[in-house]
Amino acid sequence: MGVPSGVNIWSFASGSDGNCYVVESEGTSLLVECGRPYAQIKDFLESIGIAPDELSGILLTHAHGDHCRSARYLSETHRVPIYASCGTLGALNLAEVSLGRPLQSHQTYPVGQIDVKPFAVPHDCREPLGFRFESGTGRAAVATDLGWVPHNVVRQFRDLDLLVLEANYDPHLLHTGTYPYFLKQRVSGTYGHLSNAAAGEAIAACGDRPPNVVWLAHLSEHNNSPKHALQTVGRILRRQGLGHVPVKTTHHRRSNLRWTSAVARERQLPLFA
Ligand SMILES: [Zn+2]
Ligand SMILES: [Zn+2]
């Protein structure tokens with residue numbers, strides 16, 4: 001594999017048009033969400049040196065199409081197991097049940113070199129999850145599609161190297177925008193999506209144990225912009241004395257962010273000494 005050792009995380013796509021991330025550590029490669037067309041996901045994986053056959057698993061947070069569109073096809077074509085809640089697996093109608101790996105929140109599932117720790121989130125779907133990942137060289141979490149952030153979810157955000165967190169909408173843009181009333185209610189409801197301010201408050205609630213790096217994800221193309229998200233979250237973090245935490249935004253349809261664990265960076269340093 002052509003990727004360096006340590007933990008590597010890529011954002012390939014993020015938003016209502018399809019989500020897809022990769023978490024890789026010491027030869028274990030996990031596809032987190034599979035919501036873009038199969039051919040694009042395959043091309044992306046190959047561009048980072050991972051053949052689809054080499055994937056250790058596909059992890060799905062929930063069964064909305066923007067997260068699971070190509071999961072069944074990729075799983076059955078390349079014999080890759082799908083890790084998800086029973087509610088999500090049931091909604092997928094997996095023809096080969098043997099490829100399904102049911103997850104329960106607050107258990108730990110070792111997949112190769114990575115411990116996967118799912119946690120329940122509030123969203124309008126059957127048994128939606130977020131994921132925390134821990135390996136010997138890094139800790140990260142992915143939480144998108146949640147209406148609000150309960151206290152036990154904030155706990156999952158503490159002591160992370162990287163947090164990928166939804167910042168879906170700016171309330172002013174949502175309420176003055178073109179969405180029909182019922183959709184505005186759904187997005188801003190407790191089982192909908194996370195506002196920029198709610199994302200900022202959740203990071204601030206980590207107190208003196210905030211993530212080292214934050215990627216704001218699943219931004220709405222209609223009701224948000226990277227500028228709105230970064231301004232709102234940045235303002236809240238500065239108010240809490242956390243202005244030093246680097247915050248970036250994912251892109252909707254292309255790979256724009258890659259994170260590599262400190263261990264890998266330290267190992268690379270002698271090359272430049
Ligand atoms: Zn979504
Ligand atoms: Zn969703």
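Analyst: What follows looks at the pocket and the cavity, and then at the protein around them.

The model is a predicted one, so please read every value below as computed from predicted coordinates. The largest pocket holds about 220 Å³ of space, and its lining is made up of 16 residues. Of these residues, Ser16, Tyr179, Arg186, Val187 and His193 lie nearest the centre of the pocket. If you ask which element gives the most to this lining, it is helix 7, running over residues 181–188, which contributes three residues. Sorted by class, the lining of the largest pocket has nine polar residues, four charged ones and three nonpolar ones.

The cavity is a separate case. When the whole structure is searched, one cavity of 30 Å³ or more is found, and the volume of the largest cavity is about 40 Å³. Around the largest cavity stand Val7, Ile9, Val23, Ile114, Phe133, Glu134, Ser135, Gly138, Arg139 and Ala140. By class, six of the residues lining the largest cavity are nonpolar, while two are polar and two are charged.

To set these spaces in context, the secondary structure of the protein amounts to 10 helices and 14 strands. The C-alpha trace spans about 55 × 45 × 30 Å along the principal axes. For 273 residues a compact globule would have a radius of gyration near 19 Å, and because the protein has 18 Å, its value agrees with that expectation.

Helix 8 (residues 196–204) and helix 9 (residues 226–239) have axes that come within 8 Å and cross at roughly 30 degrees, and the crossing is right-handed. On the side of helix 8, the contact is made by Asn196, Ala197, Gly200, Glu201, Ile203 and Ala204, while helix 9 brings His228, Ala229, Thr232, Val233, Ile236, Leu237 and Arg239. The residues of this contact divide into seven nonpolar, four polar and two charged.

Technical notes: Residues numbered from 1 in each chain as written. Chains lettered and ligands numbered in written order. Predicted model: local features only at pLDDT ≥ 70, side-chain atom pairs only at ≥ 80, totals over all residues. Heavy atoms only, no water. Axes fitted to C-alpha atoms, helices over the stretch in contact; angles between N-to-C directions. Helix = DSSP H or I, 4+ residues; strand = E, 2+ residues; numbered from the N terminus. Left-handed = near helix turned anticlockwise from the far one by under 90°. Contact = heavy atoms within 4.5 Å. Nonpolar A, V, L, I, M, F, W, Y, C, P; charged D, E, K, R; others polar. 1 Å grid on protein atoms, 1.4 Å probe; cavity = no way out; pocket = protein on both sides within 12 Å on 5 of 7 lines; lining within 4 Å. Points joined across faces, edges and corners; volume = space filled by probe spheres on them. Rg over C-alpha atoms; globule rule 2.2 N^0.38 Å.
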